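Colleague: I would like to learn how to read the side-chain features of a model like this one. Please take me through them one at a time.

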Amino acid sequence: MINQDKGAISMQLIHTTNAPAPGGHYSQASRVGDFVFTAGQIGVDPSTGETPSDFREEVRQSLKNLKAVLAESGAEIGDVVRTMCLLTDIESFAIFNEEYAAFFGDHKPARSTFGIALAGGFTVEVEAIAFVGDK
């Protein structure tokens, strides 16, 4: 429970083995009311623990992991209302954008994209907020 001045709200922690386990003190996602908030999803294959050496493949894997976490929470890609995308090399944005567009298709959630250093040597991380309503 999260305490607030007007009472408490329930926070359900989300976990799936179809995405990499958290590497620190956080959950893969949390559901609060009608919203799901994912942690940043990196491009690690959860079945092998390996990260693709190709940037495009790492982007695809991070989006696949995002989809798995959303699915575990009861959300779908079409429920995503906002994403935050982190790239270690902003010069790779065009490749990232191609894969992102293919993943989301006609659905266009609000998005922020930043060039930033990421822990662990990863080159991409994607997090999302989804509205799940009564699902």
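Colleague: Is Arg 56 buried, partly exposed or exposed, and what is its relative accessible area?

Modeller: Keep in mind that this is a predicted model. Burial is read from relative accessible area: under 20% is buried, over 50% is exposed, and partly exposed lies in between. Arg 56 has a relative accessible area of 24%, so Arg 56 is partly exposed.

Colleague: How many salt bridges does the count come to?

Modeller: Side chains of opposite charge can pair when their charged atoms come close. The count here comes to four salt bridges. One of them joins the side chains of Glu 98 and Arg 56, at 3.0 Å from N to O. Because Glu 98 lies in helix α2 and Arg 56 in helix α1 (residues 55-73), this pair ties together parts that are 42 residues apart in sequence. Glu 98 counts as partly exposed, at 45% relative accessibility.

Colleague: Which residue forms a salt bridge with Glu 99, with the closest N and O atoms 2.7 Å apart?

Modeller: That residue is Arg 56. The pair links distant parts of the chain, with Glu 99 in helix α2 and Arg 56 in helix α1, 43 residues apart. The side chain of Glu 99 also meets that of Arg 60 in a salt bridge, at 2.8 Å from N to O. Since Glu 99 lies in helix α2 and Arg 60 in helix α1, that pair ties together parts 39 residues apart in sequence.

Colleague: Is Glu 99 buried or exposed?

Modeller: Glu 99 has 11% relative accessibility, so Glu 99 counts as buried. Arg 60, by contrast, is partly exposed, with a relative accessible area of 39%.

Colleague: What does Glu 99 contact, leaving aside its neighbours within four places in sequence?

Modeller: A contact list can be read next to the salt bridges. For Glu 99 the list holds Arg 56, Val 59, Arg 60 and Leu 63. Arg 56 and Arg 60 are also salt-bridge partners of Glu 99.

Colleague: Which residues are linked in a network of salt bridges?

Modeller: The network links Arg 56, Glu 57, Arg 60, Glu 98 and Glu 99.

Colleague: Now the aromatic rings. How many aromatic pairs does the count come to?

Modeller: Ring pairs are read from two values, the distance between centres and the angle between planes. The count comes to five aromatic pairs. Phe 96 and Tyr 100 have ring centres 5.6 Å apart and planes at 40°, so this pair is tilted. The two residues are four apart in helix α2 (residues 93-104), so about one helical turn separates them. Both Phe 96 and Tyr 100 are buried. Another aromatic pair, Phe 103 with Phe 104, is edge-to-face, at 5.0 Å centre to centre and 85° between the planes.

Colleague: Why does Phe 104 count as buried, and why does Phe 103 count as partly exposed?

Modeller: Phe 104 is at 5% relative accessibility, so Phe 104 counts as buried. Phe 103 is at 22%, so Phe 103 counts as partly exposed.

Colleague: What sits over the ring of Tyr 100?

Modeller: A ring can be read for charges as well as for other rings. The charged end of Arg 111 sits over the ring of Tyr 100, 4.4 Å from its centre.

Colleague: Which residues make the nonpolar surface patch?

Modeller: The patch is made by Phe 35, Phe 37, Val 81 and Phe 131, and covers about 330 Å². Phe 35 is found in strand β5 (residues 35-38). With a relative accessible area of 33%, Phe 35 is partly exposed.

Colleague: Where does Val 32 lie, and what does Val 32 touch beyond residues up to four places away in sequence?

Modeller: Val 32 lies in strand β4 (residues 29-32). Val 32 counts as buried, at 19% relative accessibility. Beyond those sequence neighbours, Val 32 touches Ile 9, Ser 10, Met 11 and Phe 37. Phe 37 is also one of the patch residues. The C-alpha atoms of Val 32 and Gln 12 are separated by 6.6 Å, with the two residues 20 apart along the chain.

Notes:
Residues are numbered from 1 along each chain as its sequence is written. This is a predicted model: local features need pLDDT of at least 70, side-chain atom pairs count only at pLDDT 80 or more; totals for chains, interfaces and linings use all residues. Side-chain values use heavy atoms; hydrogens and water are left out. Rings of Phe, Tyr and Trp (its six-membered ring) pair if their centres lie within 6.5 Å; planes under 30 degrees apart count as stacked, over 60 as edge-to-face and the rest as tilted. Buried means under 20% relative accessible area, exposed over 50%, partly exposed in between (1.4 Å probe, protein chains only). A charge sits over a ring if NZ of Lys or CZ of Arg is within 6 Å of the ring centre and within 35 degrees of the ring normal. Contact means heavy atoms within 4.5 Å. Patches are made of residues with over 30% relative accessible area and no salt bridge: like charges are joined within 9 Å, nonpolar side chains (Val, Leu, Ile, Met, Phe, Trp, Tyr) within 5 Å. Accessible areas come from the Shrake-Rupley method with a 1.4 Å probe; for residues, only the protein chains shown count as cover.
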